[in-house]
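Please keep the viewer open as you read.

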Amino acid sequence: MKCSVIILNWNGAEMLRRYLPSVVAHTKGAEIFVADNGSTDNSLEVLAKEFPGVKTIVLDKNYGFAEGYNRAIAQVDSEYIVLLNSDVEVTEGWLNPLLAYLDEHKDVAAVQPKVRSWLHRTSFEHAGAAGGYLSKLYFPYCRGRILWHVEEDKGQYDTETEVDWTSGACMCVRTQVYKECGGLDAAFFAHMEEIDLCWRMRNAGWHLVCLPQSVVYHLGGGALSYESPRKTYLNHRNNLLMIYKNKQHPCGVLFVRGILDYAAACFYLLQGRFGAFKAVFQARRDYRKMRRNYR
């Protein structure tokens, strides 16, 4: 098979009922897999009864986003793979531009569609929007989204463009490149793991592109809410690890980022977000421990 669409699921039976029908209806010329990350709900029963044409990969426990995908992809043999979140609704013909572009551009490792909000369908969604970039201090942002502010999609980004990273909500990538570059870093567990992988692919000489000819709708926040201290922790920790791993001579940037992280912690404290305040300090402490593994 030329392409495999892989949806990672953990206790998401209702998500599957809501979003998987669009994937089944609009995905042509590709096989569809749901990789179940050790769910304890009735996800597997829902798949067997309501989606008999969808293949399943059953993992023995919740390995997180990163390692869950790595283990699922190891069991799939196709030229291209699509990492597709379980809370994504696809549109008719969504896959064709992605595959055609990779066929025609042999120096491109991964592509993403334009990602709109499922809740506010004329606006972009946080996770990828119209293509991801990194600032000079390596904060991720997107065309159509900076921090928590998103734009309405008025066609202002309807041009294909090279990007720094493609969204893990919907990323079509060459299977061989994914594996050669090490896949998603399991130590990240979740959040920014696709940006880290994209940075490694770019360091290896590959290009990444956003194609607005393809459109999907993403709910977002399905695993952790934007206000979750756990999300704050993972974003701060993984961003530091990503810089340490991929940037040559990162010390100057990491010094400045330390100042900004503590400033962010003070901001959370003033907002009364005590969980987020503690999460910043925990993230920095764990980053210092984990970076030894990347020397």
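In which sense do S4 and strand S12 pair, and over how many bridges? Before the answer, a word on what you are looking at. This is a predicted model, in which local features need pLDDT of at least 70 and side-chain atom pairs count only at pLDDT 80 or more, while totals for chains, interfaces and linings use all residues. Residues are numbered from 1 along each chain as its sequence is written, and side-chain values use heavy atoms, with hydrogens and water left out.

Now to the answer: S4 and strand S12 (residues 170–174) pair in the antiparallel sense, over five bridges. Two strands pair if DSSP finds at least two bridges between them; strands (E, at least two residues) and helices (H or I, at least four) are DSSP runs, numbered from the N terminus. Within this pairing, Ile81 stands opposite Val173 in S12. S4 also pairs with strand S1 (residues 3–9), this time in the parallel sense and over five bridges. Here Ile6 has Leu83 of S4 as its bridge partner.

Strand S4 (residues 80–84) is largely enclosed by the rest of the structure, because five of its five residues are buried. Buried means under 20% relative accessible area, exposed over 50% and partly exposed in between (1.4 Å probe, protein chains only). In a regular strand the side chains alternate between the two faces of the sheet. In S4, Tyr80, Val82 and Leu84 point one way, Ile81 and Leu83 point the other way, and all are buried.

Next, find Gln112 in strand S6 (residues 108–117). Gln112 has a relative accessible area of 0%, so it is buried. A polar atom of the Gln112 side chain lies 2.9 Å from the backbone nitrogen of Ser167.

Over in helix H9 (residues 274–290) you will find Ala279, which counts as buried at 5% relative accessibility. Leaving aside residues up to four places away in sequence, Ala279 touches Pro229, Thr232 and Tyr233, where contact means heavy atoms within 4.5 Å.

The aromatic rings come next. Rings of Phe, Tyr and Trp (its six-membered ring) pair if their centres lie within 6.5 Å; planes under 30 degrees apart count as stacked, over 60 as edge-to-face and the rest as tilted. By this rule the count comes to nine aromatic pairs. One of them joins Tyr244 and Tyr287: the ring centres are 6.3 Å apart and the planes are at 75 degrees, so the pair is edge-to-face. Because Tyr244 lies in helix H7 (residues 229–246) and Tyr287 in helix H9, the pair ties together parts that are 43 residues apart in sequence. Tyr244 is partly exposed at 22% relative accessibility, whereas Tyr287 is buried at 3%.

The rings of Phe267 and Tyr268 have their centres 6.4 Å apart and their planes at 50 degrees, so this pair is tilted. Phe267 counts as partly exposed at 43% relative accessibility, and Tyr268 is buried at 14%. One aromatic cluster is formed by Tyr262, Phe277 and Phe281.

Finally, look for charges over rings. A charge sits over a ring if NZ of Lys or CZ of Arg is within 6 Å of the ring centre and within 35 degrees of the ring normal. The charged end of Arg121 sits over the ring of Tyr217, 3.9 Å from its centre. Arg257 has its charged end over the ring of Phe139, 3.8 Å from the centre of that ring.

Terms used:
Polar contact = N/O pair within 3.5 Å; in protein donor to acceptor, adjacent residues only side chain to side chain.
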